[in-house]
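Please open the model in your viewer and keep the sequence panel beside it. The tour below goes from selection to selection.

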Amino acid sequence: MAAAFVLNKASILERLGGDEEIYAVMVSMYLADIENNCAALAAAYAADDGKVLQREAHTIKGLLATFSDEPGAAEAHRVEKAAQAGELAGLGDAVTELQSRLREVAAVLRAG
Amino acid sequence: MHTVLIIDDSDINLTLIKALVLKLGECNPVLFDKPLAALEWCRSNEPDLVIVDYMMPDMDGLKFIAAFRALHGRNEIPVLMITANDQRDVRYEALLGGANDYLTKPIDRVEFGARVRNMLSLRIGQKFLADRAAHLAELVDARTSEIREREKELIFRMSRAAEFRDPETGAHIQRMAHYSQVIAHGLDLGPAMEKLVLEAAPMHDVGKIGIPDYILLKPGKLTPEEFEVMKGHARLGHELLKDSGSEILRAGAEVALSHHEKYDGSGYPKGLKGTQIPQLGRIVAVADVFDALTSERPYKRAWTLDDACRFLEDGRGKHFDPLCVEAFLAGWEDVLEIRQRFRDEEIPQI
């Protein structure tokens with residue numbers, strides 16, 4: 001279980017060159033897409049489709065990294081690699097945790 | 001304005017990259033979330049920079065780059081690949097597979113700006129060199145064309161210099177050269193050869209420049225000895241023009257040497273027969289004789305067109321190459337037009 005997500009807006013803004021406008025757009029898009037990402041991840045796992053699960057986990061890894069959530073991105077990376085290796089058995093908990101992480105980050109961003 | 005093509009299946013990444021590109025200024029981002037649609041767009045559009053994500057459905061970034069590079073004219077356009085920072089092997093593969101550089105996620109604005117600017121500078125340099133090469137090619141073409149025109153003018157003037165010492169006129173040179181072209185066309189020799197025939201034919205009598213006036217301008221019939229001297233103009237013309245670096249002058253040398261050969265071997269200077277006679281000589285022989293017959297001269301009246309045609313027909317296989325006579329008569333409408341276009345300005349009195 002990864003440590004709780006702590007929003008480090010300063011580090012994110014630093015990467016975005018201090019552009020609050022871009023930051024706001026990205027947060028808004030993240031919040032708009034979050035349930036779609038969770039659903040796509042769950043569907044790929046349920047379908048036992050390693051390739052799609054790998055890609056969805058990869059996308060989520062990028063999203064979490066964008067908001068400087070390194071522990072969350074690391075979790076997504078583990079799911080991505082396991083899916084790539086075809087080791088889907090036992091990934092159920094990890095997929096659920098990843099969905100929780102996405103929602104946790106969303107809640108923090110929303111509170112923002 | 002630089003056209004920056006951005007391909008990423010994630011909307012949030014597309015939005016972020018588009019915003020960063022717009023911040024750079026003078027950039028027009030074009031977005032695609034499907035690589036195949038982007039590839040289709042690239043068939044008819046030329047971006048200045050491509051930014052492509054690695055992991056996408058349908059076609060990953062590596063396959064996209066390979067397909068993009070395979071399109072005509074897209075080999076040099078800079079490509080930036082976006083990868084996760086743990087994908088070192090993918091980055092290596094991308095660089096070896098045609099990407100110019102890479103960006104890692106999460107995207108850092110400073111690094112992004114520097115790398116995109118570098119790629120756009122590369123593109124500006126490429127375009128500058130391409131424009132310069134095209135400009136230089138245009139200049140070379142223009143200069144070459146000028147030189148070629150000057151060469152043609154000099155040839156025409158040199159041919160006229162020889163004809164000035166003869167009762168024949170500048171119009172004769174033009175007519176016989178164009179008749180020769182009609183024959184070359186009828187023989188289906190192709191546009192390049194037709195042009196060469198047109199340009200080389202005027203030099204057929206340039207060797208007359210070396211014939212003494214008392215023979216060249218003699219009003220009456222030449223003695224056998226004088227005729228032997230006169231026949232020397234073929235070799236003289238060849239000597240004057242041979243071994244030139246110019247293709248036209250080399251063709252002119254061949255014409256000068258062979259235009260008095262006859263198909264049955266009774267001509268001069270070598271007495272060549274049939275296809276031993278260079279084709280240029282066989283062509284020019286028909287054109288030159290026809291124009292000489294149908295032109296008025298101080299010492300003779302012009303033959304009628306019918307009589308001149310009959311002379312050519314009777315001379316098939318004897319004086320003339322039958323195929324050249326056939327080609328000439330097949331272009332009769334053109335022959336008549338050439339006669340009208342190049343009339344003798346002053347008809348010398350008989």
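This is a predicted model: local features need pLDDT of at least 70, side-chain atom pairs count only at pLDDT 80 or more; totals for chains, interfaces and linings use all residues.

With a relative accessible area of 0%, B:Val116 is buried, because anything under 20% counts as buried.

Next, show the surroundings of B:Val116, leaving aside its neighbours within four places in sequence, and you will find it in contact with B:Leu24, B:Leu49, B:Ile51 and B:Leu80. Of these contacts, take B:Leu80 and draw a C-alpha to C-alpha distance to B:Val116, which comes to 8.0 Å although the two are 36 residues apart in sequence.

Now turn to the boundary between the two chains, where 20 residues of chain B are in contact with 22 residues of chain A. The area buried between chain B and chain A is about 1800 Å², and carbon and sulfur atoms give 67% of it. Within chain B, select B:Ile12, B:Met55 and B:Pro106, which lose the most area to chain A and together make up 34% of what that side buries.

For the charged pairs, select A:Asp19 and B:Arg109, which form a salt bridge whose closest N and O atoms are 3.7 Å apart; the count between chain B and chain A is two salt bridges. Colour helix 1 (11–24) and helix 5 (109–164) of chain B, each of which supplies at least two residues of the side that touches chain A, and note that helix 1 gives the most, with seven residues. Coloured by class, that side of chain B shows 11 nonpolar, two polar and seven charged residues.

Note on methods: Residues are numbered from 1 along each chain as its sequence is written. Chains are lettered from A and ligands numbered from 1 in the order in which they are written. Side-chain values use heavy atoms; hydrogens and water are left out. Contact means heavy atoms within 4.5 Å. Buried area is the accessible area (1.4 Å probe) that two parts lose on being put together, summed over both. A salt bridge is a side-chain nitrogen of Lys or Arg within 4 Å of a carboxyl oxygen of Asp or Glu. Helices (H or I, at least four residues) and strands (E, at least two) are DSSP runs, numbered from the N terminus. Ala, Val, Leu, Ile, Met, Phe, Trp, Tyr, Cys and Pro count as nonpolar, Asp, Glu, Lys and Arg as charged, and the others, Gly among them, as polar. Buried means under 20% relative accessible area, exposed over 50%, partly exposed in between (1.4 Å probe, protein chains only).
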